[in-house]
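Please read the points below with the model open beside you.

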Amino acid sequence: MADVAIGIDLGTSNSCVAIAQDRSVEVIPNAYGEATSASVVAFREDGTITVGNAAKANIIHDPVHTVYSSKRLIGRYFFSEEVKKARAICSYRIVEGPNHSVRIQIRDDQYSLPEISALVLKEMKAVAEAHLGQPVTKAVVTVPAYFNDNQRQATKDAARVAGLEVLRILNEPTAAALAYGFGQGLTQKVAIYDLGGGTFDISVLEIGTDVFEVLSTCGDTFLGGDDFDDRLIDLLADEFSAAHGVNLRKDPFAFEKLKVAAESAKKNLSVDDEVEIRIPGIVEHDGTSLSVERRIAQDEFAGLVMDLVMRTFKVCDEALQQANLTVRDLDGVILVGGPTRLPLIRKAVGDYFQQPPKTNIDPDEVVAKGAAIHAASLTAPEQQAYLLDVTPLSLRIGVAGGLAETVIERNTPVPIEQTRTFTTFQDFQERVKIRVYQGEARQSEENEMLGQFEFAGFRKARRGEVEIDVTFAIDSDGLVRVTACDRATGQQASTEITLSSGLSEEEIEDILEKGDTDRVQTASADDLIAGEAETALDTPPEMEIQPAPEMEIETPSVPGVDPEPPVAADVRVELSAGADVRVEPSAAADVRVEPSAAPDVPVEPPAAPEVNIAPPPAPEVHVEPPAAPQPVPPPSREATPSVAPQPSSNVAADAPAARPRPPTTPRPAAGPAAPRLESLDEMVEIDDLDILQNLDEGDDAGSDELELMEGVETPPAELRGAALDLEEPEGSPDDPVPLDAHGGVDEANVKARDAYLGDAGGDLSSYRDDEE
Amino acid sequence: MSDVLAPTEILALANILDELDYYQVLHIDPGASAAQVRQAFHASSRAFHPDANRHLDREHREAITKIARRITEAYTVLRDAKRRRAYDEGRGTGQRRMQIAEAEARAEQTATAELEGATPNGRRYSALARQDLARGDLAAALRNLQTAATFEPGNSHFKATIQDLKEQIEASRRRQKAI
């Protein structure tokens with residue numbers, strides 16, 4: 001049996017699975033012939049778990065034990081705005097788990113978000129298996145382009161829990177572009193307008209024959225079709241309350257009925273000019289049964305949501321600006337997501353982009369199809385399409401004054417590696433803490449905390465003398481690795497941060513081992529976002545110091561679009577009419593998943609953490625575990641112990657052991673000056689790193705920083721001096737040795753260079769020819 | 001293109017990356033146009049995309065990844081005219097690699113310097129132009145800036161601003177006509 005790989009669009013409201021085989025791409029219908037299945041999980045009284053459209057139907061009967069829109073919560077901290085909002089409007093119970101993680105309370109059990117999503121993914125996997133008649137273990141799973149690293153990691157974990165090896169986390173808009181342009185021989189610039197159930201993304205791409213280059217991507221993870229429903233619900237609830245004095249929001253059953261009605265009214269407005277909402281006997285009041293009856297027309301609905309639509313165009317402005325294009329440069333606009341079926345959106349999009357959007361693409365299926373194409377491409381012997389994606393959010397490092405300094409700007413193509421140089425803040429400082437953030441805010445706490453690690457063992461010297469290069473690398477598989485390196489000694493440390501998702505490596509392995517992917521135990525679920533949350537809260541440093549760990553953050557480097565899953569109802573009609581109504585006895589057909597049922601498919605052994613675990617002798621010097629002042633780590637944090645002590649081969653690659661000196665990248669000269677890291681002991685009062693002001697910012701920035709560090713006198717002059725000698729290579733003995741001198745150049749290298757540069761013939765020159 | 005390099009060549013290339021400047025990394029001439037830069041990026045990405053080299057062993061995949069990162073870096077700097085100018089300056093003094101943030105910062109410095117003007121007369125007239133702008137007198141600002149530009153023909157900021165002012169003036173004329 002040939003190894004197959006599927007594409008799964010894991011949506012906020014609906015999910016869709018597709019496969020590309022024999023040069024064609026098809027969406028795989030579920031047992032009921034529906035192209036999409038609701039991303040809803042119902043936990044029934046008798047312990048069975050139902051996923052999909054049947055589960056969705058359950059919302060009205062048992063709103064407290066039916067989980068929907070969980071994608072809005074995945075990878076988030078309990079204290080985040082989105083979670084607060086969800087707690088106010090969701091009928092199921094959202095509780096706080098360990099370390100600020102989010103848990104769903106179902107009767108006596110608590111579920112982590114990756115576990116919930118795993119149930120949905122498992123369902124999609126089962127749908128594919130039933131259709132293909134063979135086990136499926138590999139998948140490309142899509143996420144909104146604007147998902148941050150924590151959300152991506154959590155999604156990836158969910159897939160692993162579901163028994164899937166994730167070939168790639170792909171951005172939804174990129175997937176859509178792939179489905180649109182693959183094999184078409186196009187050369188176009190297109191915008192993908194992706195309004196999903198819970199998120200909005202816009203990506204601008206340049207499509208070539210086989211290259212899909214994302215020029216920019218922007219988004220709003222707080223804006224989606226659900227918000228349109230909410231507007232309708234508000235209208236109905238307010239009017240009802242005015243007419244009858246009864247607040248429907250207070251009654252979970254009535255509220256769910258209202259929601260269902262609002263959603264279906266919205267969908268019908270995609271087709272009809274006017275709809276009637278009628279919910280007889282929605283609530284009993286003073287012995288009378290009250291009903292909701294309301295007609296609503298396109299125009300009135302448009303009035304309710306127009307501000308939301310306008311908000312999407314603000315994001316579009318930003319994306320175009322980042323891509324350095326205007327709407328006139330675009331050859332096409334592609335719509336993705338169920339809500340884009342609304343005539344009012346199509347019209348507004350047409351007006352904004354000054355061209356009608358493409359209508360020959362099914363907005364509900366395009367993302368899954370793109371994911372399937374990519375999955376096939378990744379498992380094929382010959383690569384057929386190259387995705388050049390960007391990182392949607394800036395990666396930052398925490399510095400003094402509660403600020404976060406950008407190391408890699410958003411919309412930078414990946415893979416990429418960038419280094420910033422920092423310095424110590426105290427005389428003879430022994431350790432620094434490196435905090436990694438993602439987001440666009442200057443204030444560190446307004447960004448998403450991805451993780452942190454400590455770096456120790458560098459040369460002890462006066463403040464400002466030690467230079468520590470902090471390198472962020474984002475690879476096309478979306479992993480971010482952060483490495484710290486002392487220039488003078490070559491001392492190096494890197495660490496893997498894997499806690500973002502809320503499931504530690506061990507927890508995932510545990511779950512997989514138990515084979516009990518349907519009913520994942522709470523124990524395994526503990527701290528989602530453990531350590532990170534802590535930092536975000538500004539608690540003392542908590543991470544254990546690991547010798548030569550390698551830090552790896554999954555990031556969003558990948559492409560994505562969030563296609564909003566389709567309106568199942570519409571699709572159903574079309575599909576079931578077709579010949580495709582199979583009644584398969586397979587596990588997949590059975591929507592009900594027995595809790596104890598062992599996974600019907602051989603579960604891939606927990607895919608080992610993709611990177612590291614390589615044996616090569618790493619160059620890193622052993623870092624003395626500094627007596628960490630704070631007693632440490634939440635269990636999940638020290639997680640990955642299996643990985644940590646292993647010298648990572650990645651690092652090895654970057655800094656071959658033989659090298660006498662750390663990789664000397666030419667020092668970021670003018671601009672990014674050397675920020676300084678402060679000692680651990682100071683961390684509680686002051687923040688971490690102090691940035692030596694950028695030259696172009698002048699003294700002001702510097703003195704600002706200094707003011708923030710009360711009690712520590714550091715003359716600005718010294719700061720400036722340190723920054724300045726960036727331009728004077730002869731400066732201090734710590735200065736990086738110029739590349740040529742640093743010993744890496746031997747004869748072989750020179751030869752290799754000459755060869756590469758094309759003085760030699762053969763393959764190399766053909767490479768050049770292609771170029772010119 | 002995708003089979004350009006033999007495995008040993010990949011390793012060798014990864015080793016000498018630091019000795020290549022961005023143009024060499026992308027295999028283009030320093031005078032290459034923006035379109036050529038993009039084309040070269042696509043071509044290089046085909047050859048070194050980590051996805052396309054999954055069959056290689058770990059060592060080679062890492063080498064490929066390292067090369068791919070440098071290709072992206074080169075592209076990210078060279079595709080932006082301002083950054084590219086900053087890079088070219090640095091390259092003139094022997095610098096081969098310039099982090100994006102550095103290129104950005106240098107470009108900004110240059111922009112600031114250009115805004116002020118580099119010659120006494122250029123500075124004088126551009127200062128006058130800024131005053132005119134503050135008063136909202138576009139036409140006067142344009143005249144002064146054009147004068148400043150005669151002293152500094154190579155000042156791209158002046159040029160861009162002049163163009164911008166002309167467009168604004170034209171637009172306001174059209175609006176008045178419409179009224």
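**Notes on the model**

1. Helix 5 of chain A has Gly183(A) after it, a residue with a positive phi near 70°. Helices here are DSSP runs of H or I with at least four residues, strands are runs of E with at least two, and both are numbered from the N terminus. The model is predicted: local features need pLDDT of at least 70, side-chain atom pairs count only at pLDDT 80 or more, and totals for chains, interfaces and linings use all residues. Residues are numbered from 1 along each chain as its sequence is written, chains are lettered from A and ligands numbered from 1 in the order in which they are written, and side-chain values use heavy atoms, leaving out hydrogens and water.

2. That helix covers residues 172–181 of chain A, and nine of its 10 residues are buried, so the rest of the structure largely encloses it. Buried means under 20% relative accessible area, exposed means over 50%, and partly exposed lies in between (1.4 Å probe, protein chains only). Among the buried residues are Glu172(A), Pro173(A), Leu178(A) and Tyr180(A).

3. Helix 5 of chain B (residues 81–92) has 12 residues, which should span 16 Å at 1.5 Å a residue; its end C-alpha atoms are 16 Å apart, so the two values agree. The expected span is 1.5 Å times one less than the number of residues. After the helix comes Gly94(B), with a positive phi near 95°.

4. Which residues of helix 5 of chain B are buried? They are Arg83(B), Arg84(B), Ala86(B), Tyr87(B) and Gly90(B).

5. The largest nonpolar core has 61 residues, and Ile434(A), Phe472(A) and Leu78(B) have the most contacts inside it. Such a core is a set of buried Ala, Val, Leu, Ile, Met, Phe, Trp, Tyr and Cys residues joined through side-chain atoms within 4.5 Å. Helix 4 (residues 58–78) of chain B gives the most to this core, with eight residues. A second, separate core has 57 residues, including Tyr193(A) and Leu232(A).

6. Thr65(B) sits in helix 4 of chain B. Its relative accessibility is 14%, so Thr65(B) counts as buried. Apart from neighbours within four places in sequence, Thr65(B) is in contact (heavy atoms within 4.5 Å) with Asp475(A) and Pro50(B).

7. Tyr193(A), Phe200(A), Phe313(A), Tyr352(A) and Phe353(A) form one aromatic cluster. Rings of Phe, Tyr and Trp (its six-membered ring) pair if their centres lie within 6.5 Å; planes under 30 degrees apart count as stacked, over 60 as edge-to-face and the rest as tilted. The ring centres of Tyr352(A) and Phe353(A) are 4.7 Å apart and the planes are at 80°, so this pair is edge-to-face. Phe353(A) has 1% relative accessibility, so it counts as buried.

8. Chain A comes to 20 helices and 33 strands. Of its 772 residues, 64% count as buried.
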